[in-house]
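Let us walk through this structure by way of the place where its two parts meet.

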Amino acid sequence: MTEFFGHIIDGAEVKSASGATFTSIDPYTGQQWAEIALGDAADAARAVAAARRAFDEGPWPRMGYGARGRILNRLADLIEAHADELGMADTRDMGKPISQSRGNDVPRAAANFRFFADHARLATADALPMDTGHHAYTRFEPAGVVAAIAPWNFPLMLETWKVAPALAWGNTVVLKPAEDTPVSATILGRLAIEAGMPPGVLNVVHGYGPDSVGQALTEDPDVDRITFTGESGTGRAIARAAAGNLTPVSLELGGKGANVVFADADLDTAVEWSIKAIFTNTGQVCLAGSRLYVQRDIYDEFVGRFTTAAQAMVVGDPKQEATQIGPLASEEHYRKVRGYIESIETEGGTIVTGGLGEGWGVLPTIVTGLGQQARCSREEIFGPVAVVMPFDTEADAIRLANDTRYGLNAMLFTENVHRAHRVSAKLRAGTVWVNCFFIRDLRAPFGGVGDSGIGREGGNFSREFFTEPKAVVMQIQAG
């Protein structure tokens, strides 16, 4: 019997007003495994109304950082206690290997709540003494109701990346998970109730985007902030909808990350991290290092080592601990990635290893021979496909890396500290990793430029977005 997962609205798990449901499909088996409440604009309105009441009348914005932090830390404890359930939910929803969903995403979800609970409590504001008999200081007050729209590739981890800072700063939230990966969001909502979160503070509504829950949330005048992670075209649609109410948005969108390997790099390090950068989560990572530029002096050796490492990866059932590459998240997405793979030879490329697998599977794929203008070199594939191209000089590497409409992240591998700083400064990207990948400090800004988004989140950058900074100016009477 398939389990039912409902909306979380006003502190209770509920069905859709219409009674409609949809199913979640396990991408490895192709079988239905869960039944989900299918929301619409009416359900979105119910959730926003609950969040509005909780913000305007409830205790959450008024209880202080310490009291909110204790609830958020209890929620983090519960996330860790339910690691198996939450990890398996994301694995069955999208095919993510269980070693990644349970071993990486769940701990990072708990860490998001712990970090932002502490950050909100410990963050300092500006005191601005004036020499005119006045004193100015700043206050950071919660913005109100936050609509958080999450993607399907890191469901739990990216949901909590949005929800945790919003809640820590005293906002209330309506979370819309991706329709392909709904289950962990309902479990998160259940755990929030168990942790003691007041009704209406965290709401979860399932549904689709256009003409459904997503569109309703972005157009609702009672929503004070919109945070979205997903595809660039959807980000544009959200920005247009939000503009009607002048609602501030934070958009973390697509990527086509450049990974630059210089001849003086430690090749063992470069290969190890480059494998992680493109094949983690079966390549379904907006930060993926999908454009791999290797200095010509070491090109052949690097491609050989990189190919050997890719061929050694374990492909199979994502519920098995040893599996490193699972299926793609949905049939629709598999068809998209397959289209890119089928275009490689027609554009003059060579598949060194990989290609299509069984079911909705794509093997770790390495491509050479393509030019900078090929589709696979320019467009976000969002699958386990690395395009490897040679370069000659440092200037060539910077030019090639920046030749993209995206700008979410980049990587470079070198043992020359001067080059590391020099090239990092010239790469047009929101994050640059040197001799590593996907290492995060939650205090640092996270976001992109160009088609990779608008705004930054993390640490004080999240505070700026999820609050309304206020200046207070006082006159000081002379003694």
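Between domain 1 and domain 2 an area of about 2100 Å² is buried, 60% of it given by carbon and sulfur atoms; buried area here is the accessible area (1.4 Å probe) that two parts lose on being put together, summed over both. On the side of domain 1, Tyr 28, Trp 152 and Ser 452 supply 24% of the area buried against domain 2, more than any other three residues.

This is a predicted model, in which local features need pLDDT of at least 70 and side-chain atom pairs count only at pLDDT 80 or more, while totals for chains, interfaces and linings use all residues. Residues are numbered from 1 along each chain as its sequence is written, and side-chain values use heavy atoms, with hydrogens and water left out.

Domain 1 comprises 3–254 + 452–472 and domain 2 comprises 258–434, bounds that come from an automatic or database domain assignment. Their contact (heavy atoms within 4.5 Å) takes 27 residues from domain 1 and 27 residues from domain 2.

Between the two domains the count is 2 salt bridges, a salt bridge being a side-chain nitrogen of Lys or Arg within 4 Å of a carboxyl oxygen of Asp or Glu. Asp 26 forms a salt bridge with Lys 319, their closest N and O atoms lying 2.8 Å apart.

On the side of domain 1 that touches domain 2, the elements giving two or more residues are α3 (83–94) and α4 (98–122), where helices are DSSP runs (H or I, at least four residues) numbered from the N terminus. Of the elements, α3 gives the most to that side, with 5 residues.
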